[in-house]
Amino acid sequence: RVLEQNAQGVIFYIIEEAIGNARKHARANNLWVRLRVQDGYFIAEVEDDGVGFDVNAVQTRYDERGSLGMINMHERAELVNGRISIASAPGKGTRITLTAPIQKR
């Protein structure tokens, strides 16, 4: 099983965006990137130990803020039949997880 070449590019963009967001906003001491294959899925996690944020508040205010980074990650995940989950809370850091199916070759 392998990731199709187009999917590789999309996934790279999502990981790059998640890392960029952490570097810009998290004020973290540490940033971890974990990649694995599990049960036919490619899973990428970008986690930091930074300031965190209220996920619901940020997602409901996109129109006001003009920030498209997270929206772009969600939309790009859909291009590869994947999904993004975001776990964060103020003072608790952030973990962004991408799960995308791997194509049989």
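Arg83 has its bridge partner in strand S4, and that partner is Thr99. Keep in mind that this comes from a predicted model. Staying with that pair of strands, Ala87 stands opposite Arg95 in S4. Six bridges in total join S3 to S4, residues 94-101, and the two run antiparallel. They form a hairpin, with five residues between the strands. Gly91 sits in that turn and has a positive phi of about 80°.

On its other pairing, S4 meets S2. Eight bridges join these two, again antiparallel. As for burial, S4 is mostly covered, with six of its eight residues buried.

What is the order of its strands? The order is S1-S2-S4-S3, in an open sheet of four strands with antiparallel pairing. Strand S1, residues 31-38, and strand S3, residues 83-88, are at the edges; each has a single partner strand, so one side of each has no neighbour in the sheet. From one strand to the next, the twist averages 15°. As a general point for anyone looking at side chains, those in a regular strand alternate between the two faces of the sheet.

On to the helices, starting with H4, residues 69-79. Which of its residues are buried? They are Gly69, Met70, Met73 and Ala77. These four lie on the same side of H4, because they cover an arc of only 100° around the axis. On the face of H4 turned away from the buried side are the exposed residues Glu78 and Leu79. After H4 comes Asn81, with a positive phi near 55°.

Arg76 deserves a mention of its own. Its charged end sits over the ring of Tyr13, 3.6 Å from the ring centre. As for pairs between aromatic rings, the count is zero.

Next, helix H1, residues 5-26, which contains Glu16. Is Glu16 buried, partly exposed or exposed? Its relative accessibility is 45%, so Glu16 counts as partly exposed. Glu16 and Val46 are 30 residues apart along the chain, and their C-alpha atoms are separated by 9.4 Å.

Last, confidence. The protein averages a pLDDT of 89, and 90% of the residues score at least 70. Where is confidence lowest, and where is it highest? The lowest is helix H3, residues 62-65, at a mean of 56. The highest is strand S2, residues 41-48, at 98. Where pLDDT is low, the predicted coordinates should not be read in detail.

To go back over the main points: the sheet is open, with four strands in the order S1-S2-S4-S3. S4 has six of its eight residues buried. In H4, the buried residues share one side, and the face turned away from it carries Glu78 and Leu79.

Definitions and conventions. Residues are numbered from 1 along each chain as its sequence is written. Side-chain values use heavy atoms; hydrogens and water are left out. pLDDT is the predictor's confidence in each residue, from 0 to 100. Buried means under 20% relative accessible area, exposed over 50%, partly exposed in between (1.4 Å probe, protein chains only). The arc is that of the directions from the helix axis to the C-beta atoms. Rings of Phe, Tyr and Trp (its six-membered ring) pair if their centres lie within 6.5 Å; planes under 30 degrees apart count as stacked, over 60 as edge-to-face and the rest as tilted. A charge sits over a ring if NZ of Lys or CZ of Arg is within 6 Å of the ring centre and within 35 degrees of the ring normal. Two strands pair if DSSP finds at least two bridges between them. Axes are lines fitted to C-alpha atoms, for helices over the stretch in contact, and angles run from 0 to 180 degrees between N-to-C directions.
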